[in-house]
Amino acid sequence: MPYRQQRQLPWEADHHAPTITNFGDQVFGALPQNLWRQIEPHFVKDVALRQHSSRLGALTAFLGHHAGQEDSGWLERLAEAAVLHDVGKTRLDPTILGKGRDVSSADLDHIRNHAPLGAELLETHGGEPFGLAAIVARYHHEAHDGSGYPHGLIGDAVPQEARIVALCDVYDALRSPRSYKHAMEHDHAMRIILGGDNRTRPQQFDPYLLAVFERHSAAIAKLYHRN
Ligand SMILES: [Fe+2]
Ligand SMILES: [Fe+2]
């Protein structure tokens, strides 16, 4: 694809090299102007979303690789898709987005719309090269047990790339500080992902991916900090 340049895959990055906050920046920097213009104002302002998106590129490529995906081109596109998974948030009302957890059910519907809105944005302004990114944007809040949105798909009906991103997305959200919550240590986040709490249940994740995630838990903790 003409807009793609050779990038170092996130988990291959030299430990001493500048971090992959870089990887996200590389992805954003290589987007077609048309697409970047659509999301730039939001991503420039929302540093937390930019960092979350960038880390998700690294975590997702790592999990995809250890889940048995060997095609480095696919992994690179997956990492790029993960960086773009929440682009639909650029289409939301910032006041509602800024409410944190204190939202009405109408607000929640509005926020949940970021999944299809992101897919539409990528399809309209990115076109065919962003097909995988559009799939991830649309399905990254689906859950293995059918409790997710927007479609409530179950099991393998959720595209594999979206299942990989979904697990990393929850991990990163737990680890990161938000206006309404503190950052969480790795072990605490892992306990919630594997054992559940009042918001997260292990049944929402692909069991195979969950096992891979647990097996590589120590490396994932390091990867989070490097990024
Ligand atoms: Fe999302
Ligand atoms: Fe996210």
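Start by selecting the iron ion (ligand 2), whose site is irregular, with angles of 78 to 176° among its four donor atoms. This is a predicted model, in which local features need pLDDT of at least 70, side-chain atom pairs count only at pLDDT 80 or more, and totals for chains, interfaces and linings use all residues. Residues are numbered from 1 along each chain as its sequence is written, chains are lettered from A and ligands numbered from 1 in the order in which they are written, and side-chain values use heavy atoms, with hydrogens and water left out.

Next, show the residues that coordinate the iron ion (ligand 2), namely H52 (NE2), H85 (NE2), D86 (OD) and D169 (OD), at 2.2 to 2.4 Å. Donors are N, O and S atoms within 2.8 Å of the metal (3.2 Å for Na, K and Ca), and because water is not among the atoms, sites may look incomplete. Four donors count as tetrahedral if all angles lie between 85 and 135 degrees; four count as square planar and six as octahedral if opposite donors are over 155 degrees apart and all others between 65 and 115; anything else is irregular.

Now select D86, which coordinates both this ion and the iron ion (ligand 1), 3.9 Å away from it. H52 lies in helix 3 (residues 47-66) and D86 in the loop between helix 4 (72-83) and helix 5 (94-97), so the pair ties together parts 34 residues apart in sequence; helices here are DSSP runs of H or I, at least four residues, numbered from the N terminus.

Finally, move to the iron ion (ligand 1), where D86 (OD), H114 (NE2), H140 (NE2) and H141 (NE2) are the protein donors, lying 2.2 Å from it. H140 counts as buried at 2% relative accessibility, whereas H141, at 22%, counts as partly exposed; buried means under 20% relative accessible area, exposed over 50%, and partly exposed in between (1.4 Å probe, protein chains only).

How values were computed
Helices (H or I, at least four residues) and strands (E, at least two) are DSSP runs, numbered from the N terminus.
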